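The stops below are given in the order to select them.

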Amino acid sequence: MAKVQTVVVEEESVENGHDPMHRVMDAAHKVFLAGVGAVALAQDETVELFDRLVERGEALEEEGREALKKARERRAEKVDEAEEEFDQRVEEMLRRLNMPTQSDIEKLDKKITALTKKVDELKKS
């Protein structure tokens, strides 16, 4: 009778899902599902990370463009300031050497043009 009881216990274990093979298969299935879940989670996180990296890259690109634009504007201002300073110093040096400046020559040119018109008018009359 002892054998009958053992068989009955084993049959009850199989019916309740306690069969060792069933437990191994169940565990293997769970490991498989965990692996699938890990891949899906990793994929979601990879996509999310990629999107965040793209957003950050776009922001840095825009910041870089703005910084470059401002640097170019500052450079243009500095060049203009340097040109003005250079022109003023050249004019000052020409005055010290008692040489006419560009503005002096322009004034004389206007006077010559006005005098030429008056002479031509006097010749006609």
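Predicted model: local features only at pLDDT ≥ 70, side-chain atom pairs only at ≥ 80, totals over all residues.

Residues are numbered from 1 along each chain as its sequence is written, and side-chain values use heavy atoms, with hydrogens and water left out.

A salt bridge here is a side-chain nitrogen of Lys or Arg within 4 Å of a carboxyl oxygen of Asp or Glu. By this rule there are 7 salt bridges.

Select Lys 78 and Glu 81. Their closest N and O atoms are 3.9 Å apart. Both residues lie in helix 2 (residues 20–96), 3 residues apart, about one turn of the helix. Helices are DSSP runs (H or I, at least four residues), numbered from the N terminus. Lys 78 is exposed at 55% relative accessibility, and Glu 81 is partly exposed at 48%. Buried means under 20% relative accessible area, exposed over 50%, and partly exposed in between (1.4 Å probe, protein chains only).

Next, select Glu 85 and Arg 89. This salt bridge has its closest N and O atoms 2.6 Å apart. The two are separated by about one helical turn because they are 4 residues apart in helix 2. Glu 85 is partly exposed at 36%; Arg 89 is exposed at 57%.

Last, select Glu 92 and Arg 95, a salt bridge with its closest N and O atoms 3.8 Å apart. Glu 92 is partly exposed at 35%, as is Arg 95 at 48%.
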